[in-house]
Every structure is written in structure tokens, then in C-alpha cells.
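Reader: I am new to this structure. Please pick one part and take me through it closely.

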Amino acid sequence: MDLIQLRMFCAVAATGSIVRAADQLHRVPSNLTTRLRQLEQELGTDLFIREKQRLRLSPMGHNFLGYAQRILSLSEEALNMGRSGDPAGNFALGSMESTAATRLPALLATYHQRFPAVALSLITGTSGEIIERVREGTLAAALVDGPINYDELNGCIAFREQMVLISSPDRAPIANATDASGDTLFAFRSSCSYRLRIEAWFRENGAQPGNVMEIQSYHAMLACVASGAGLAMIPQSVLAQMPDRMRVQVHPLPPAFRDTATWLIWRRDAFTPNIEALKYLIIEQFDDRPEQDALLHPLTVTETQ
């Protein structure tokens with residue numbers, strides 16, 4: 001099945017005649033007859049009821065017509081986007097839960113207002129999960145904890161973040177990981193980069209946490225910590241937006257584990273107008289990067305190699 005066959009099918013469906021459809025498409029009637037027969041053989045069903053002077057769509061042909069028209073419409077939309085260079089079409093964006101909660105609401109609202117031709121869908125997950133989906137091509141771009149190191153990916157800093165360690169209010173001060181040895185940790189799945197960060201903090205100090213309890217919500221995580229059940233590492237920007245933030249105590253972390261950055265990543269071979277528009281909208285709306293060049297000129301900062 002190809003686009004030419006679909007155009008032929010739609011033309012015959014509209015005119016009810018091989019001859020008239022061939023005239024519209026500037027082809028010989030025998031070519032249309034052959035290609036439509038090939039299409040029916042591939043589908044394993046008759047698309048037309050053939051009468052003496054006219055072709056009528058069969059019940060299956062009526063169903064197939066809707067699909068054919070949508071495919072042709074999407075194909076034309078994709079071609080127009082490529083020709084114009086303007087943001088348009090489907091845009092599947094991945095994001096960490098923390099970024100989706102704190103950074104994206106206003107950003108995506110503005111993006112939708114400026115680029116109404118883009119149908120943006122947001123998929124959230126851990127950094128590890130959504131990086132793999134960008135590598136596979138099922139996500140066009142993503143906002144993840146970085147930097148990342150895959151040959152097929154490119155990226156640049158989008159936002160600076162600071163991580164904090166939280167505990168119940170009555171917990172003794174935690175100066176280093178040895179003070180938290182044996183404490184239960186609340187974290188996202190093992191593919192979460194923030195979980196890997198706190199586990200590395202323990203290892204560097206030669207300490208060992210207790211059990212790691214997987215929780216898929218920052219609000220549930222805070223509730224468990226506030227009750228005295230354990231500790232968690234979360235972004236300061238997330239904690240600042242939580243109404244129950246006064247129920248937990250904040251412990252500072254060393255700069256190596258406190259300071260991090262969210263990166264915008266994409267496939268090197270697929271830097272589309274949709275991604276470029278998002279990149280420059282981030283530059284416009286956020287000013288928490290140490291250097292403006294971090295986004296304007298990603299090759300000047302550490303990036304994927």
C-alpha cells in the first residue's frame with residue numbers, strides 16, 4: 001500500500017468512475033485498474049461494487065475511505081511542515097514528573113497559544129524511561145536530568161535545579177550520609193536519576209540506607225516522610241509548591257549532589273521546528289541558567305557525545 005494507491009482509491013470513490021478518476025490524476029485508466037486490484041488483494045477484500053457503468057463503494061470500502069483520507073491528510077500536513085519550516089503537526093514531548101509539575105504548566109500554555117498548529121502530547125516518567133523513548137523515536141524530545149551520553153542524542157541545559165533531603169520535623173540533623181544509615185528511603189523507580197543520585201551519596205560516604213520504598217507521587221512521598229517513616233530527596237522547586245511542605249524538615253546536601261540541571265534532549269537527526277520553538281521559548285521564559293549560551297549555543301557546554 002502506498003500514497004499513490006490511496007489517492008487513486010479516493011479519486012475513484014469520489015467520481016464513481018475509473019475513467020474520470022484517471023483523467024483527474026493524469027493517468028491511463030488501465031493503470032488505475034491494476035493498482036486498485038493490487039490494493040484490494042493486499043487488503044484481502046473488495047473495496048468497490050462493480051456495476052456496468054459505475055463503481056460503488058462496498059461496505060468495507062466506506063470504512064477504508066475514512067482511513068485513506070486521514071492518511072493522505074496527515075501526509076500533506078507533514079510535507080507542508082517540512083516545506084514551511086514552521087512548527088506544526090504532532091509533537092510528543094517527554095518529561096520528568098517534577099518538571100511537569102513545576103516548569104511546564106505556563107510554558108506549554110504559551111507554546112499552545114503561539115503555535116496552535118502543533119498537537120502537543122505530554123508523557124511523563126523517570127529520566128531513564130523517557131530517554132529510551134527519545135532514542136527509540138517514540139518521543140520527539142524530552143526534559144530529563146542530565147547530561148546524557150548517547151551518540152544519537154543531542155541536548156542542552158534548560159533549567160537549573162537544587163535537590164534537598166527531607167525528613168520528619170523531629171528527625172535529628174543530617175550532616176552526611178552516615179547520619180542517615182539504615183533509614184528507609186522513599187523514591188521513584190530504579191530508572192529515576194534522582195534515586196540514583198541519593199544512592200550515590202550514601203555510597204560516597206561508605207553508608208548504607210535501609211529499604212528503598214518505591215512511590216510514584218511526590219505528594220505521597222512527602223506524606224510518608226512527614227509521618228516519620230523515612231527520608232526522600234526531591235527538587236527544591238517541587239517542595240516549594242507543595243502545600244504540606246512545612247510538615248517536613250529540610251537537610252542540605254553537598255554541592256555535588258545538590259546541584260543538577262534539567263536538559264532538553266532530542267535525536268541528532270531530528271531537530272524539528274517544533275523542538276526549536278520549544279528551545280527558544282525556554283530561553284525566553286526562564287532565566288535560572290548560569291549562562292545564556294547554555295541554550296543558545298549548546299556546543300559550548302557539556303552535551304551528549
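Author: What follows is a close look at one group of helices, then a few spots elsewhere.

This is a predicted model, where local features need pLDDT of at least 70, side-chain atom pairs count only at pLDDT 80 or more, and totals for chains, interfaces and linings use all residues. Residues are numbered from 1 along each chain as its sequence is written, and side-chain values use heavy atoms, with hydrogens and water left out.

Start with helix α1, residues 3-15. Helices here are DSSP runs of H or I with at least four residues, strands are runs of E with at least two, and both are numbered from the N terminus. M8 sits in α1. Its relative accessibility is 1%, so M8 counts as buried. (Buried means under 20% relative accessible area, exposed over 50%, partly exposed in between, with a 1.4 Å probe and protein chains only.)

What does M8 touch, leaving aside neighbours within four places in sequence? The list is L25, R27, N31, L32, R35 and L36. Contact means heavy atoms within 4.5 Å. G125 is another matter: M8 and G125 are 117 residues apart in sequence, and their C-alpha atoms are 43 Å apart in space.

Now go to T15, also in α1. T15 is buried, because its relative accessible area is 11%. A polar atom of the T15 side chain lies 2.9 Å from the backbone oxygen of A11. A polar contact is a pair of N or O atoms within 3.5 Å; within protein, one must be able to donate a hydrogen and the other to accept it, and residues adjacent in sequence count only if both atoms are side-chain atoms. An α-helix has 3.6 residues a turn, so residues three or four places apart point the same way. Not counting residues up to four places away in sequence, T15 touches R20, A21, Q24 and R54.

R20 belongs to helix α2. R20 has 46% relative accessibility, so R20 counts as partly exposed. Beyond four places in sequence, R20 is in contact with T15 and R54. R20 and I157 are 137 residues apart in sequence and 57 Å apart in space, C-alpha to C-alpha.

How do the helices meet? Take α1 and α2 (residues 18-25) to begin with. They pack at an angle of about 125°, with axes 8 Å apart. Axes are lines fitted to C-alpha atoms, for helices over the stretch in contact, and angles run from 0 to 180 degrees between N-to-C directions. The two helices are therefore oblique to each other. (Under 35 degrees counts as roughly parallel, over 145 as roughly antiparallel, 65 to 115 as roughly perpendicular and the rest as oblique.) The contact involves R7, M8, A11, V12 and T15 of α1, and I18, R20, A21, Q24 and L25 of α2.

Next comes α1 with α3, residues 29-43. Their axes come within 10 Å and cross at roughly 105°. That makes α1 roughly perpendicular to α3. On the α1 side the contact is made by I4, Q5, M8, F9 and V12. On the α3 side it is made by N31, L32, R35, L36, Q38, L39 and E42.

The remaining pair is α2 and α3. Their axes come within 8 Å and cross at roughly 105°. That makes α2 roughly perpendicular to α3. Here I18, V19, A21, A22 and L25 in α2 meet P29, L32, T33 and L36 in α3.

H26 lies in the loop between α2 and α3. H26 is exposed, because its relative accessible area is 74%. Its phi is near 60°, a positive value in a residue other than glycine. Most residues other than glycine have a negative phi, and most peptide bonds are trans.

Now the spots elsewhere. A cis peptide bond joins G146 and P147, with omega about 5°. P147 lies in the loop between β5 (141-146) and β6 (153-167).

Helix α8 covers residues 193-204. At 1.5 Å a residue, its twelve residues should span 16 Å, and its end C-alpha atoms are 16 Å apart, which agrees. (The expected span is 1.5 Å times one less than the number of residues.) Its buried residues are S193, Y194, R195, R197, I198, W201 and F202. G206 follows α8, with a positive phi near 65°.

Helix α12, residues 273-285, should span 18 Å, and its end C-alpha atoms are 18 Å apart, which agrees. Buried in α12 are N274, I275, A277, L278, K279, L281, I282 and I283.
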